[in-house]
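Please examine the ligand site and the strand arrangement of the model shown here.

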Amino acid sequence: MTKQKTAELSAAQFIPENKSLKSLKRAAEACQGCDLYKFAIQTVFGAGNAHAKVVFVGEQPGDGEDKEGLPFVGPAGKLLDKALELAGIRKSEAYFTNAVKHFKFEWQGKRRLHKKPRPIEVHACYPWLDEEIKEIKPDLVVCLGATAAQALLGNKFKVTQRRGEFIESDGAPYMMATVHPSSILRAPDEESRHEQMEAFVSDLKRVASFIRTGKIAQ
Ligand code: URA
């Protein structure tokens, strides 16, 4: 593939003229903006409260999400559910989506193992995320992990350096980045898993405080 052809990969041509979350979701089912649609079972569009004050953005659907057609229903989603509960955020008051709407994987025997999407695939998929955020108009977008953060805050963004910061943005009044829940699942032992979970819940408590009061807790 030539450089010029690669640069053309985009979902933009699949965005419908009449935009609503429903019409976007339907149109995304037929997206061929990059090659990932060829291998995944289905497009996994965002789901949740269409009037949410907070939108959570992950990286891409996993194996379970690809099978069910819904974001965050697998192990990382279960951990996110637990952290939200501990932080006092009801799932029903948020919207959940991903930077990339197709599961990217490689076969290992009979298992489909997550493969990190390339920046070009994240870029190609961005029009869907952009339109979802424009439709929902949340007060805050929470980027879960580097892929979501770089899709929304620029490819130089480092979660390790700017975790938990409320950043004013064009896309939403504020964006903030924290870790991806799957990084907590990968913690090497129980003690570090516990520590990482506490830090994650503490970020989410500041999200909860912001959506309740409109003020940024220090
Ligand atoms: N990981 C993600 O980033 N998104 C999902 O929907 C599930 C797991």
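## Ligand contacts

An oxygen atom of the ligand lies 2.6 Å from an N or O atom in the side chain of His180, a polar contact in the sense of a pair of N or O atoms within 3.5 Å. A nitrogen atom of the ligand is 2.7 Å from an N or O atom in the side chain of Asn98, and a backbone N or O atom of Gln60 is found 3.0 Å from a nitrogen atom of the ligand. Taken alone, the ligand exposes 230 Å², of which the protein buries 93% (accessible areas by the Shrake-Rupley method with a 1.4 Å probe).

This is a predicted model, in which local features need pLDDT of at least 70 and side-chain atom pairs count only at pLDDT 80 or more, whereas totals for chains, interfaces and linings use all residues. Residues are numbered from 1 along each chain as its sequence is written, and side-chain values use heavy atoms, with hydrogens and water left out.

## Surrounding shell

The residues around the ligand, with a heavy atom within 4 Å of it, are Gly58, Glu59, Gln60, Pro61, Glu65, Pro71, Phe72, Asn98 and His180. This shell divides into three nonpolar, four polar and two charged residues, where Pro and Phe count as nonpolar, Glu as charged, and Gly as polar.

## Sheet

Strands (DSSP runs of E, at least two residues, numbered from the N terminus) pair if DSSP finds at least two bridges between them. Six of them form an open sheet with mixed pairing in the order β1-β3-β2-β6-β8-β7. Because β1 (47–48) and β7 (167–168) stand at the edges with a single partner strand each, one side of each is left without a neighbour in the sheet.

Strand β2 (residues 54–58) runs parallel to strand β6 (residues 140–144), joined by four bridges, and Phe56 stands opposite Val142 in β6.

Technical notes
Polar contact = N/O pair within 3.5 Å; in protein donor to acceptor, adjacent residues only side chain to side chain.
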